[in-house]
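Hi,

Here is the structure I promised to pass on. Have a look at it first, and then read my notes below.

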Amino acid sequence: MAEPLGDWQRTHTCGALREADVGREAILLGWAHRVRDLGSLLFIDLRDRDGITQIVVRDDESRLERAKEIRSEYVVGVRGTVQRRSAETRNPKLATGDIEIVAAEIRILNEARTPPFSIADDTTVSEDIRLRYRYLDLRRPAMQANLRLRHRIAQAIRRYFDAQGFCEIETPVLTKSTPEGARDYLVPSRVHPGEFYALPQSPQLFKQLLMIAGIDRYVQIVRCFRDEDLRADRQPEFTQVDVEISFATRDIVFGVVEGLMQGVFTEIGVDLPVPFQRVPYAEAITRYGSDKPDLRFGLPIEDVTEAFRDSSFDVFRAAADRPGDVIRGIVVKDGARYSRRELDELADQAKQGGLQALVTAKLTADGTVQSSALKAAGEATIRAALQQAGGKAGDLLLMAAGPADATSKGLGALRLILAKKEGLLARDKFAIEWIVDFPLLEWNPEEHRWDAVQHPFTAPLDEDVDRLETDPGSVRGRIYDLVLNGWEIAGGSIRIHDAAMQKRIFRLLNISDEEARLRFGFFLEALEYGTPPHGGIAFGLDRMTALLAGETSIREVIAFPKTAAAVDLMAGAPSPVSDRQLRELHLLNRR
């Protein structure tokens, strides 16, 4: 039976006591993490969000009998004296491992059903079960640590931006659907039949309006919503750190962000050097096969086209002669040790990544050339390719041919497989870089029109403006992404602040004047009232926290996430609603 807390007040958390506290009386309140009954002696590992303290129950028979009623996850209060553990019983794995509490009084504050899984960090239960009982999963020390890290990061962000003169302002949650409306969550209006609000995918227009309003420096830690297929780094509702600056240049934005990231990384004890490396988009694709390359390791993609220009290897020679095609490869240092079976597995993985075939070449320690194309290409050609790629004795070269971007992207996927195979993806190592000079537009072959790579409010590079109508695909945007360990954690741009340029971009995107007025009339009008040059960026707080916590999924740093199918298993959402509600929202005919 549960007992009242009474007048007890916690004197220490379960992770606070140390050897210096020996002899002190303490009251601890928490959950029974583990109970060990040795007959005349009973041990309770008492847990709260701060840690675990061992409780010893002995001597008093009635107290011992009461303690024997305690089961896993019972809520327990203990009053007792701190004593030093003997040398042979100390636990170096616990911060409190040098001490224990000798119980003078125990109160069972509440009982608990047997949990469906162990409240321990090494639990092997499925993620669906964890999400179904998320309130229990969150008791695990690792999850508690993740949420506390998230809190510290959020506080560090607010302190930093306040010191930099930013003003935190809330923007609407119920707003207007955008041209990207297929990804909007819609909210029907009860008082305006047949009309809908949209939950914001981003506060983009509102933060630009705040620059027009003269706020100058805006920040918001904001909840956003996007109805899209989920992955490990996506959720239908997510949190971003939204930033906008008036009279901003790219360098001003970069300086603000790099200072912020230095402050955030101090929360995990990492000194982050600045400035960050800047990698043009075209180079990122060519050298790493990705616009968000992981630079914790090397394995760059090298061009070896010239080695096969006059080769007898027909497939590669044809690629070398074909406009737009290339031959590229990756050198694996000391990779000549790979077995035939390992190379066959890599070839299969390369095909799954979109490459037609993978050609291997080794330069053994004694200088001998081995290759899957040795007979077709000849030793001299293979040796030339190894040399062009920077291969040395003992190295392995993996090559593919085809259209330039597709070949690099296929090799980029293989690059990540090789990094994992070589043990190069250390979670405690961080590589952060800016990706810059993205294309402004991309061709949509299904709808036969240009789409904005980022959003339609992004300014083109000044030097490319004269090609907007004549060669739109070659125009670069004033776009930048911040990439950490292969994850895009922030994206932004310098915005269009001139109404004429904004209309010009809308025309390129096949947005008619009528549609522009319907969707953005208030914004286009505002642009004509003295809009300062401005730019900004938005951080994915969930992604950033996951990386700093060493997690591979953002679900591990969100208190109540959805599954990959956008379902809340704990609350049972989404769920049907009553006909009465549907009629009130004008979504069901009244009868």
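Let me start with the second largest pocket, which has a volume of about 610 Å³. It is lined by 23 residues, and Asp 294, Arg 296, Leu 425, Asn 485 and Trp 487 are the closest to its centre. A pocket here is an open set of points on a 1 Å grid over the protein atoms alone, where a 1.4 Å probe fits, with protein on both sides within 12 Å along at least five of seven lines; lining residues have an atom within 4 Å of a point. The volume is the space filled by probe spheres set on the points, with grid points joined across faces, edges and corners.

Before going on: this is a predicted model, where local features need pLDDT of at least 70 and side-chain atom pairs count only at pLDDT 80 or more, while totals for chains, interfaces and linings use all residues. Residues are numbered from 1 along each chain as its sequence is written, and side-chain values use heavy atoms, with hydrogens and water left out.

Helix H12 (residues 404–421) gives the largest share of that pocket's lining, 5 residues. Helices (H or I, at least four residues) and strands (E, at least two) are DSSP runs, numbered from the N terminus.

Next, Lys 429, in the loop between H12 and strand S17 (432–436). Lys 429 is partly exposed, at a relative accessible area of 41% (buried is under 20%, exposed over 50%, partly exposed in between, with a 1.4 Å probe and protein chains only). Leaving aside residues up to four places away in sequence, Lys 429 touches Arg 296 and Asn 485, contact being heavy atoms within 4.5 Å. A polar atom of the Lys 429 side chain lies 2.8 Å from the backbone oxygen of Arg 296. Lys 429 is also 9.9 Å from Leu 548, C-alpha to C-alpha, although the two are 119 residues apart in sequence.

Leu 548 belongs to the buried residues of helix H15. In H15 (residues 541–548), 8 of 8 residues are buried, and Gly 550, with a positive phi near 75°, follows the helix.

Compare that with H11 (residues 379–388), where the buried residues are Thr 381, Ile 382, Ala 385 and Leu 386. Seen down the axis, these fall within an arc of 140° (taken from the directions from the helix axis to the C-beta atoms), so they line one face of the helix. Ala 380 and Gln 387 are exposed on the face turned away. After H11 comes Gly 390, with a positive phi near 85°.

Cheers

Definitions and conventions: A polar contact is a pair of N or O atoms within 3.5 Å; within protein, one must be able to donate a hydrogen and the other to accept it, and residues adjacent in sequence count only if both atoms are side-chain atoms.
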